[in-house]
Amino acid sequence: MSEPLVTLSGVTKTYAGITALSEVGFSIAAGEAVCLAGENGSGKSTLNKILAGVERPDRGTIAFSGQVQGPLSPRASTEAGIKVIFQDFSLFPNLTVAENIAFSAELGEGVRLVRRAKMRDLARATLDRIGVDIPLDAAGETLSVAHKQLVAIARALATEARLIIMDEPTTALTEREVRGLLTIIRRLKADGVAVLFVSHKLAEVLEVCEQVVVLRNGQKVAEGPAQDFDAASLTRHMTGRDVAAEPPAPLRADAPVLLQVQGLSKAGAFDQVDFTLRAGEVLGISGLLGSGRTALAKALFGLVAPETGTITLDGRQVTRGDPVAAAAAGIGYVPEDRLTEGLFLTQSIVQNIAIGRLDSHARAGGVLNLTGLLAEARDWLARLKVKAPNPDAPVRSLSGGNQQRVVLARWMARSPRVLVLNGPSVGVDVGSKAEIHGIIAELAAHGLGVIVISDDLPELLSTCHRILVMKGGRMVEDIAGGSLNETELAHRLAS
Amino acid sequence: MKIDWTRNETLVALVILAFCLLAALSDPSFLSIATLTDLLRGGIVLGIFAVAAMLVLISGGIDVSFTAIAAFTMYVTAMTLNALMPWMPWWAALGFGMAVGAGLGAINGLLIAGFGLPTLIVTLGTLSIFRGFMLTFIGQKQITTLPPSMREFGRMMLIRGENADGSFYNLHGAFVVTVLVVVLTWFLLQRTMLGRQIYAIGGSVESARRIGINVRGVQFFIYVYVGVLAGLAGVIHASMARVANPFDLVGLELSVIAAVVLGGARLAGGHGTLTGTILGVALIVLVRNSLIVLGIPATWQSVTIGLLILLGTGLPAWQAKRAAARAA
Amino acid sequence: MTQSPVQRLVSSPEGRLAVIAVAVFVLMAALSPDRFLSLQNLTSMAFQFPEFAILALAMTLTMLTGGIDLSVVGVANLSAIVAALIMTRLTGSSDGTVVFLVALCAALAVGMAAGLFNGLLVAKLGLPAILATLGSGLIFTGFAIALTGGSAVMGLPAAAAWIGNSTILGIPTPLILFALLAVGLSLVLTRTAFGVKVRMFGANPLAARFAAVNIDAMLIKVYVASGGLAAMAGMVVMSRANSAKADYGSSYLLLAVLIAILGGVNPYGGYGKIIGVVLAVLSMQFLSSGLNMVGVSNFARELIWGSLLIFVMIVNTWRPAGRRN
């Protein structure tokens with residue numbers, strides 16, 4: 001029996017007193033898909049960086065085909081055939097698809113002149129290998145997220161790849177795109193390429209991998225064939241406790257209509273969208289690629305300007321296409337990407353919360369009532385149980401789940417009537433996810449209307465009273481929550 | 001031929017055509033060899049500067065010190081050759097200029113690539129340092145007697161001719177240098193991996209590092225290359241003007257960058273073509289030299305250039321904004 | 001871990017600037033003790049720096065939003081020329097006080113209108129600030145040239161000399177003006193809703209949009225304020241030169257940017273303190289006057305300013321406490 005492709009043994013890494021990894025060891029065989037599962041902070045990214053040669057372990061060994069390696073560098077790691085695909089794909093927006101795929105390979109060969117034909121051939125060959133057709137001359141920035149990922153995978157294959165590490169590859173993809181990715185992973189495996197799939201989206205983990213390794217707090221807590229695990233046991237290992245998905249408390253029959261959307265249309269995004277939202281209701285909106293659900297969510301908050309249609313809140317029309325007007329009318333929006341869209345990373349935690357309330361605390365001449373403003377922000381920190389020992393520290397010092405709570409606090413401080421949450425628990429660990437769902441239920445209990453845009457089927461089922469399905473820009477289904485299970489919901493979405 | 005209306009190059013080319021049309025209507029003698037050689041002359045030094053500025057913009061930076069490098073180089077070259085090597089032939093002056101420019105560019109390169117300091121600020125600082133150093137320690141007086149090499153170069157004409165009315169026109173030999181610079185830079189950017197790496201760095205510095213591009217090495221190279229071009233431009237300027245005035249050239253930087261941006265290069269980096277840059281320079285030169293023909297007094301020159309810059313960059317910006325709003 | 005007072009002082013960029021300002025003062029005083037420390041010199045310095053210091057304030061404000069205002073000198077000159085033309089055309093009381101006040105209001109109006117133009121370009125059209133203010137600066141300077149034919153406007157009434165040359169209770173008036181503007185701007189930036197929005201926007205423009213901040217209104221106010229400040233600076237220049245010309249203060253643009261950056265303002269937005277800018281202004285002025293006394297030429301000033309800028313940048317990059325983003 002030949003040696004496994006990569007074997008880690010006793011890998012330990014500490015950063016400034018914090019143990020990121022402790023005595024972690026497992027192996028990956030050629031053509032095998034291994035899933036590395038764990039919450040944020042479990043040590044997954046550190047392990048990736050060590051395998052990629054970007055970081056060195058303090059203790060422990062890494063062996064390739066049985067040969068223990070000296071200290072790894074990014075170059076040594078790449079030459080050994082280890083390719084890491086980071087979450088942002090590391091593409092060049094201004095270069096063509098062909099150049100993006102072949103650049104690294106050409107660099108590696110040390111050529112000085114551009115070999116245009118060779119690059120195109122190489123690009124075409126790798127795209128064929130994964131069974132994908134993307135125009136070679138398209139500029140990187142014009143590609144969809146799914147296509148960018150495919151180009152990133154093609155690039156990894158352009159030079160000899162024996163292990164491809166994918167860091168949270170499905171975060172930005174829809175259901176159908178995920179299916180496509182899993183097919184590609186199967187092809188890679190058949191080709192003898194090993195895959196390390198780092199994720200905390202549980203369903204995919206089990207479907208595509210032979211082996212599962214679970215990290216928690218830097219230690220390996222479980223390892224074994226994928227068929228030995230299911231969603232519940234994985235969650236238990238990752239969080240250390242059971243997290244059950246329960247449907248939400250039923251809505252009061254006499255709840256008044258809060259938000260009415262009629263005939264909302266925007267060319268190329270969505271068409272004739274109608275729905276109502278009642279006070280205390282949690283409405284889910286989901287759909288596949290091109291369904292228009294994100295554009296719709298943004299349109300509700302004015303980030304996108306619809307051409308026709310009306311949005312009425314409490315009987316009053318909300319001006320379209322203007323976030324300031326939407327916020328003033330009582331609509332709030334928690335964005336998908338909190339790091340770039342939601343937070344001011346260098347500013348303090350309280351400032352991040354208080355930014356929505358500046359005008360409310362302004363006295364004559366625009367002068368702020370600073371004490372009132374900051375006290376209110378600190379109050380919200382406590383109410384949402386944000387773990388922040390120093391509220392004046394920059395918000396980037398918080399964990400992902402706490403950061404999401406800061407964004408929530410900002411909007412809740414404005415006492416909105418409707419809160420739109422776009423992917424509320426994307427990139428958030430399982431434990432925090434449950435707590436955020438608790439906050440959603442609380443908001444609804446206080447009479448707010450909540451709209452949840454999500455791809456995460458368990459999330460939709462456990463938080464929403466109704467789920468609207470969008471397809472091709474139109475609203476095609478209105479499903480009562482609790483009437484379906486996950487498999488059925490997936491079918492309805494895909495059909 | 002498919003015309004892409006959304007590209008800057010197309011718009012600028014159209015404005016140039018319209019301008020020439022209007023000028024020709026105002027004054028039929030506008031369309032003559034004399035006008036053409038005048039315009040080409042105006043573009044010689046500006047063209048070299050613009051190519052240099054474009055290179056830096058593509059890599060994602062901004063350099064405002066190149067005019068100071070040019071002034072420093074031309075003054076030092078004139079002084080040194082006069083004092084130490086008056087026997088050198090014309091090409092030695094150019095070579096010397098390129099060497100001095102390279103040295104100054106290397107200082108920029110060291111600060112930007114070596115220390116990782118932001119490009120705009122560093123080059124603002126080195127602009128002051130180079131200029132200040134020259135005026136304090138090297139000299140403030142114009143050098144009216146240039147070394148023989150520079151004088152010889154200043155007399156080299158590509159084309160000479162006489163107009164119908166007895167006046168003369170000519171095109172200086174330095175035009176060849178500008179053409180060579182453009183061709184060489186085109187080759188660098190489109191046909192060498194180094195050039196593609198420059199675009200890559202401008203597109204995403206982080207991705208460039210991850211695939212193993214030696215970002216610091218490439219950046220150092222860029223600033224040295226820019227220094228060489230600036231030095232060259234400085235020596236050419238002095239040779240053509242028959243005098244080395246240390247107060248010349250500085251002040252043009254922003255207009256050069258504006259010309260390059262007009263031609264399609266983006267301040268954010270990653271984009272820029274030689275065609276566009278040439279067109280941008282052509283437009284600026286056209287406006288500077290030919291407003292009179294359209295009946296606009298010289299005192300309104302600044303306003304015209306300012307308006308052109310605003311229109312030329314404002315239209316694409318507004319289009320981009322509308323496209324972004326439509327895209328959702 | 002307790003830090004010594006010196007360590008605490010040096011760990012912030014403004015603290016380091018204070019050290020530099022004091023060091024420069026001491027050095028210059030040591031080089032020419034009698035002349036540098038004389039009341040005449042101190043007063044002279046206090047008359048000299050406000051004009052470019054006010055421009056630096058304008059530059060700081062726009063830089064905080066991640067933009068820049070390259071038109072400040074153009075606006076200053078245009079406003080001054082408009083004011084000067086009014087004063088030379090209108091006749092009021094014998095010393096021209098009323099006329100001066102009218103001209104002052106006109107200058108402010110011109111400055112703010114110019115700022116409004118810039119603000120609209122940046123906010124509504126989406127032009128990068130460098131390009132917008134580059135173009136508009138050329139236009140404003142162009143108008144100034146067109147109004148005057150390129151020559152200076154002279155023959156200002158006596159009242160015009162007040163703002164740049166007089167003293168109030170022994171303190172030079174321009175210094176008082178600068179101090180008021182600096183304190184005012186600092187308060188606005190830290191204690192008003194507008195100021196907080198400016199700083200947050202500079203830190204993350206996208207998040208500001210998602211947080212429903214009225215960005216267009218805020219940006220327009222920033223550029224209007226910058227234009228107003230530039231007009232004030234122009235009035236001081238005019239008063240001290242007793243004339244107005246389209247090309248006055250051309251070196252002040254670079255100087256304003258240098259001072260802002262030296263003062264710790266992050267040109268990409270999100271960080272900057274007025275006290276830092278003030279300390280940078282003082283450092284530059286001490287150096288300038290001190291070196292002048294020792295016989296160092298004016299041009300050496302440029303050399304030293306550039307070197308100081310690079311030096312401070314290197315130091316700031318290497319000290320983690322001073323790191324921004």
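Predicted model: local features only at pLDDT ≥ 70, side-chain atom pairs only at ≥ 80, totals over all residues.
On chain B's side, Met193(B), Arg210(B) and Ile211(B) do a lot of the work: together they supply 35% of the area that chain B buries against chain A, more than any other three residues.

As for who takes part, the contact draws 25 residues from chain B and 24 residues from chain A.

## Polar links across the interface

Seven residue pairs are in polar contact between chain B and chain A, counting pairs with both residues at pLDDT 80 or more. The rule also finds one salt bridge across this interface. Arg196(B) and Glu99(A) meet through their side chains in a salt bridge, at 2.7 Å from N to O.

Four helices of chain B, namely H7 (174-191), H8 (193-203), H9 (205-210) and H13 (301-327), each bring at least two residues to the side that touches chain A. The largest share of that side comes from H8(B), with eight residues.

## A bent helix in chain C

Over in chain C, helix H4 covers residues 39-64, 26 residues in total. From first C-alpha to last it reaches 36 Å, close to the 38 Å expected at 1.5 Å a residue. Still, H4(C) isn't straight: it bends by about 35 degrees at Pro50(C).

H4(C) is largely enclosed by the rest of the structure, because 20 of its 26 residues are buried. Just after H4(C) comes Gly66(C), with a positive phi of about 80 degrees.

Technical notes: Residues numbered from 1 in each chain as written. Chains lettered and ligands numbered in written order. Heavy atoms only, no water. Expected span 1.5 Å × (residues − 1). Bend = angle between axes of the 7 residues up to and from the residue. Buried < 20%, exposed > 50% of the residue type's maximum accessible area, 1.4 Å probe, protein only. Contact = heavy atoms within 4.5 Å. Buried area = accessible area lost by both parts, 1.4 Å probe. Salt bridge = Lys/Arg side-chain N within 4 Å of Asp/Glu carboxyl O. Polar contact = N/O pair within 3.5 Å; in protein donor to acceptor, adjacent residues only side chain to side chain.
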